[in-house]
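Welcome, and please open your viewer. We will go from one selection to the next, with a short note on what is there at each stop.

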Amino acid sequence: MSTARPLNDDEVFNEMKKMADEEFNIEKAKIVRQESLNIEGVFERKIKQAEVQKRIAQSNHINKARLRILQERQQVLDDLFETTDSRIHEVSKNRDQYSTLIQGLVLQGAYSLMDKEMTIKCRKQDVDVVNSVLEAVVDQYEGGLKSRPTFTVSDDYLPKSSAGGVIMTGLNGKITVDNTLGARLEIAKEEMLPQIRVALFDHSPSRKFFN
């Protein structure tokens, strides 16, 4: 039977050093692993932040491009409407055509008001034209509604800046119909704007449904 020999001081020291080194290496490995994970986490966050910033920059670039296109298109429309507005001021220069137009506008206004007594407001230079078509308007109105209306041309004229046309009132001024050329143009703009956009710029690539 053998008995264990007591360790001398050097052997005890070496054994304790060995255990301490093993614990140190284990702890060191833990620290290194944790730091590696921390570094990987920071790196991943930076990559995600860079990707987000890249997407934001791309989105901003696309939005700026779209906004520039929309602004350019709006400028084209503004120029078109400005040209159209200047042209309607030329309409009254052809008296025969303008008389026919005034007759239609007065008749349409009369049908809208359907009153026995109606007031017509026009430009001062259009008074003679309006008076010249009233008899024909009365006959047409009477033929359709079996009633003969009375028209009064107001001396409260449309401004000189007006392109022409008429504003009519009925029921003692309670109802107004704006049949000036400017008002008709605005209505045409609203109603025809979708078709005008398509004619000028074609359909939007992102649009999937059409009327």
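Start by selecting residues 117-121, strand β1, together with residues 165-170, strand β3: the two run antiparallel and are joined by 3 bridges. Strands here are DSSP runs of E with at least two residues, helices are runs of H or I with at least four, and both are numbered from the N terminus. Now pick Lys121, whose bridge partner in β3 is Ile167.

A word on what you are viewing: this is a predicted model, where local features need pLDDT of at least 70, side-chain atom pairs count only at pLDDT 80 or more, and totals for chains, interfaces and linings use all residues. Residues are numbered from 1 along each chain as its sequence is written, and side-chain values use heavy atoms, with hydrogens and water left out.

Next, show the whole sheet. It is open, with 4 strands in the order β2-β1-β3-β4 and mixed pairing; two strands pair if DSSP finds at least two bridges between them. Select 150-153 (β2) and 175-180 (β4): these are the edge strands, and each has a single partner, so one side of each lacks a neighbour in the sheet. From one strand to the next, the twist averages 25°.

Which aromatic pair turns up in a search of the whole structure? Select Tyr111 and Tyr141: they are stacked, 5.6 Å centre to centre with 20° between the planes. (Rings of Phe, Tyr and Trp, the last by its six-membered ring, pair if their centres lie within 6.5 Å; planes under 30 degrees apart are stacked, over 60 edge-to-face, the rest tilted.) Tyr111 belongs to helix α2 and Tyr141 to helix α3, 30 residues apart. Tyr111 is partly exposed at 35% relative accessible area, while Tyr141 is buried at 3% (buried is under 20%, exposed over 50%, partly exposed in between, with a 1.4 Å probe and protein chains only).

Last stop: Ser154, in the loop between β2 and β3. Ser154 is buried, at 17% relative accessibility. Leaving aside residues up to four places away in sequence, Ser154 touches Thr119, Ile120 and Lys121.

How values were computed. Axes are lines fitted to C-alpha atoms, for helices over the stretch in contact, and angles run from 0 to 180 degrees between N-to-C directions. Contact means heavy atoms within 4.5 Å.
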